[in-house]
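Dear colleague,

I am passing on to you the structure we spoke about, and below it you will find an account of what turned up in it. Please open it beside this message as you read.

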Amino acid sequence: MILTTGGAGFIGSNFVLDWLAGAGEPVLNLDRLTYAGNLENLASLRGDARHVFVQGDIGDAALVARLLAEHRPRAVVNFAAESHVDRSIHDPEDFIQTNIVGTFRLLEAVRAYWSGLPAPERAAFRFLHVSTDEVYGSLGKEDPAFSESNRYEPNSPYSASKAASDHLVRAWHHTYGLPVLTTNCSNNYGPYHFPEKLIPLCIHNALAGKPLPIYGDGQQRRDWLYVGDHCAAIRRVLEAGRPGEVYNVGGWNEMANLEVVTTLCAMLDAMRPRADGRSYREQIGFVADRPGHDRRYAIDAGKLERELGWKPQETFESGIRKTVRWYLDHQDWVNNVTSGAYRDWVGKHYGD
Ligand code: NAD
Ligand code: DAU
């Protein structure tokens, strides 16, 4: 089996669902179930013996050691993290704890387990660390897209904590020989995306008749990748990536935030027109910028394509259509995750 951490979050749950729909190899899923973790994402696996869920912290060394000894996974895929930049600005402590200390403890537990494996299993073992393009910092207008050799220049507490975790993963390979793989990915979107992030937040607010908040001038640029494409990339890297290597993952889809939101509005206008016949675009509003907001990210995913033959299947147009369809069909999921603590966050961050 494989061990996933953070497999009840957005990308992790998509990965577990895709994995079990395809390969069929059992998954041990360790997740602390923070506000971002949701077992409802995995409801379709209820009663499926191939999915073993354990609620717990990657920083709990004794728990992780026990799980590794009991289940003897052949690989670990580490999704677990605090992932929201704005929350990291309000309150960085959890990011240090999970993304840095948690990754360190996980690496140590995995190293002890891996060291004791018989030689063939030791050689085949992999630790795949899921990271972000934000570790490379912000690009100028004319700069080439991020490649794997770009310097690390993280600018937010979130990206600094992810950068630190990447360095630990790298060091555990160079010093101890742990067979690690690191993927640095651009902005994902798709089903089960928590509505604190731009795309699901705007779908949710649009349908609720609320403002669509654009930070600053809305000309910050991101590369967008459909989550199913990301999951396929991780499967491919796990299968054939070279230990110690880093692979950038992106959608070849760089867009300004304002363009993302207007495209989304056009999709909603077509798929769920407003009762008054006007466009959702009218709900767009500009709000104060994010402190230290990175202006531009762009990913060169050429290495992954050249070496491992992966490239994204979805265009932004096809991916966003699927995403909007999913949200329209899963309003119960949205209603459940936007009750309680979610409202406190929205009030704290956006005020009135
Ligand atoms: P998410 O916030 O939706 O989910 C994170 C999951 O980790 C949750 O289920 C949460 O309960 C769990 N978790 C948090 N702390 C934990 C801990 N200490 N122990 C065990 N579980 C814990 O995040 P996501 O968007 O699914 O991102 C997954 C990974 O991918 C993260 O490492 C993130 O940095 C990285 N990433 C995300 C994106 C993106 O666009 N979402 C892009 C690139 C990289
Ligand atoms: O680049 C990969 C990263 O993408 C991941 O590592 C992070 O985990 C993930 O959260 C995401 O980070 P971003 O900060 O880019 O995503 P977010 O959806 O929060 O914001 C996308 C852009 O939209 C960003 O430029 C900020 C802007 N934005 C966001 C929100 C929530 C707005 O303009 N208004 C908003 O209300």
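Predicted model: local features only at pLDDT ≥ 70, side-chain atom pairs only at ≥ 80, totals over all residues.

Two cavities of 30 Å³ or more are present in the structure. As background, empty space left between atoms is found by rolling over them a probe the size of a water molecule.

Turning to the sheet, seven strands form an open sheet with parallel pairing, and their order across it is E3-E2-E1-E4-E5-E6-E10. Strand E3 (51-55) and strand E10 (246-249) each have a single partner strand, so these two stand at the edges and one side of each is left without a neighbour in the sheet. From one strand to the next, the twist averages 20 degrees.

Within that order, strand E1 (residues 2-5) is covered on both faces, with Ile2 and Thr4 buried on one side and Leu3 and Thr5 buried on the other. Four bridges hold E1 in parallel pairing with strand E2 (residues 27-31), and among the paired residues threonine 5 has leucine 30 of E2 as its bridge partner.

Strand E4 (residues 75-78) and strand E5 (residues 126-132) likewise run parallel and are joined by four bridges, with valine 77 standing opposite leucine 128 in E5. Helix H8 (residues 227-240) packs on the sheet, where it touches E4, E5, E6 and E10, and its direction makes about 145 degrees with that of E5. Helix H6 (residues 157-176), for its part, lies across E5 and strand E6 (180-185) and runs at about 155 degrees to E5.

One residue may deserve a separate look, namely serine 13, which is placed in helix H1 (residues 10-22). Is serine 13 buried or exposed? Its relative accessibility is 0%, and because residues under 20% are counted as buried, serine 13 belongs with the buried ones. The side chain of serine 13 reaches the backbone oxygen of phenylalanine 10 at 3.3 Å, and, leaving aside residues up to four places away in sequence, serine 13 touches Gly7, Ala8, Asn41, Leu42 and Tyr192.

With kind regards

Conventions
Residues numbered from 1 in each chain as written. Chains lettered and ligands numbered in written order. Heavy atoms only, no water. Pairing = 2+ DSSP bridges. Axes fitted to C-alpha atoms, helices over the stretch in contact; angles between N-to-C directions. Contact = heavy atoms within 4.5 Å. Buried < 20%, exposed > 50% of the residue type's maximum accessible area, 1.4 Å probe, protein only. Polar contact = N/O pair within 3.5 Å; in protein donor to acceptor, adjacent residues only side chain to side chain. 1 Å grid on protein atoms, 1.4 Å probe; cavity = no way out; pocket = protein on both sides within 12 Å on 5 of 7 lines; lining within 4 Å. Points joined across faces, edges and corners; volume = space filled by probe spheres on them.
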